Number of protein chains: 2
Amino acid sequence: MRARDLAEEYPSVTLGSDILEAARLLAGGRLPGLLVVDERGGPQAVLPASHLVKLLVPGYVIEDPALARVVDEQHADRLCQALAGRPVSDALPPEHDRHKPPTADAEDTALEVAALMARERSPLVVVTEGGGDEVPARGAPPRMLGVITAPHLLDRLLGVT
Amino acid sequence: MRARDLAEEYPSVTLGSDILEAARLLAGGRLPGLLVVDERGGPQAVLPASHLVKLLVPGYVIEDPALARVVDEQHADRLCQALAGRPVSDALPPEHDRHKPPTADAEDTALEVAALMARERSPLVVVTEGGGDEVPARGAPPRMLGVITAPHLLDRLLGVT
C-alpha cells in the first residue's frame, strides 16, 4: 500500500480565492479545514475551520467575551460582510511564517505516511509525485496527486487486519 | 440563535472504551476527532485522528523515519493488534494534564460560541445545560446537550446573511 494508492481528492482553494467563498465550501462540506494552494497548485497551508470562525468574530469580542452577549443578532448578520472580497491569503500568516502541510512522496509506504502524520500531528498529508525528499527536476515542480487524511489512513490501516 | 439550537449529536466514546473500536468509529465516520466523555457523560477530551494514527506507529519508527520504509506490509498488518483491548484513557494524558473541550451554556448566543471557539482554537464546543459559568446545583452535574463543530457554526453564521 503506497501513498499514491491512498491519495484522494480534497477540496482546495487558492491564495487568491475569496475568503467568504472558502468558508462556504468548508461549511457546505462540513470539512475540518481547507487545503490552500498557490497559483501553481503547490500546497501552502491548511486553513482550519476554527480559524475561519475567528475571522468572523470582531477582535473586541474575542478579547472581551462579555461583549459577545450584547451584540445583537442583527449585528451578527453583518459579520460575514466583513469577509467578502478579501483573499484567502489575508487569513494566513506571511509566507515565511506559514506552516506548510507535510508532504509524502507517491512511493512512500502507508507506514511512512503514518509516521510523518504522527510526527507533524497533522490532520492530513499531501501526496506529490516527482518531488519528495529529492531535488525536483529543473523547471518541473512536484505534482500534487491528492491528500491523505488521518481518518482515511486509519480506515485503510485498520482494514488491513 | 442560541447554543441549544446549534448543538448536534456527535460520536463519543468513554474513557473505558476500547481504543481500536474508537479508531474504527472515527475512521468509519471520517471524523477529524472523537469526543471522549467520562462515566457520567462529562466531556474529558477531544481525541484527534492524527493522535490515533500516532498510537498505531511504533515509537522507533516515529523517531527514525528511515525505519518506516523497511518495515514490511505484513508487519504493518499487525500494528493494529497492539491497540486491541487497551482503553481510550491510555491514549490521553493524565487527568490533570488533559485539555478539556471548551464548553458553552445552552443559552449562549452564536457569537459567544464563535468567540469561545476562536479563543480556544478548538474544532468543537460542547453545549451543556445547568452548568456554564455558574456553580452547578449540588449533585446535579451539567447535562451535555450536544456539540457544535466549527464547520457547522460557520454554516449557520453564513446562512444568516
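**Entry 1: strands of chain B.** I began at Gly33(B), which stands opposite Pro48(B) in strand 3 of chain B. The model is predicted: local features need pLDDT of at least 70, side-chain atom pairs count only at pLDDT 80 or more, totals for chains, interfaces and linings use all residues, and side-chain values use heavy atoms, with hydrogens and water left out. Residues are numbered from 1 along each chain as its sequence is written, while chains are lettered from A and ligands numbered from 1 in the order in which they are written.

I looked up the pairing (at least two DSSP bridges between two strands). Strand 2 of chain B and strand 3 (residues 43-48) of chain B are antiparallel over 5 bridges. Helices (H or I, at least four residues) and strands (E, at least two) are DSSP runs, numbered from the N terminus. In the hairpin of these two strands, with 5 residues between them, Gly41(B) has a positive phi near 85°.

**Entry 2: burial.** Is strand 2 of chain B buried or exposed? I noted that 5 of the 5 residues of this strand (33-37) are buried, so it is largely enclosed by the rest of the structure. Buried means under 20% relative accessible area, exposed over 50%, partly exposed in between (1.4 Å probe, protein chains only). Gly33(B), Leu35(B) and Val37(B) lie on one side, Leu34(B) and Val36(B) on the other.

I then checked helix 7 (residues 110-120) of chain A: 9 of its 11 residues are buried, so it too is largely enclosed by the rest of the structure. Among the buried residues are Leu111(A), Glu112(A) and Met117(A). Just after this helix, Arg121(A) takes a positive phi of about 50°.

**Entry 3: sheet of chain A.** I recorded an open sheet of 3 strands in chain A, order 1-2-3, with mixed pairing. Strand 1 (12-14) and strand 3 (43-48) of chain A are the edge strands, each pairing on one side only.

**Entry 4: the two copies.** I laid chain B on chain A: the RMSD is 0.0 Å, with a turn of 180° and a shift of 0.0 Å along the axis. That is the relation of a two-fold axis. The superposition is by least squares on the C-alpha atoms of residues with pLDDT of at least 70 in both copies. In chain B, the C-alpha nearest the axis belongs to Pro32(B), at 3.3 Å. Of the contact residues (heavy atoms within 4.5 Å) of chain B, 100% recur in chain A.
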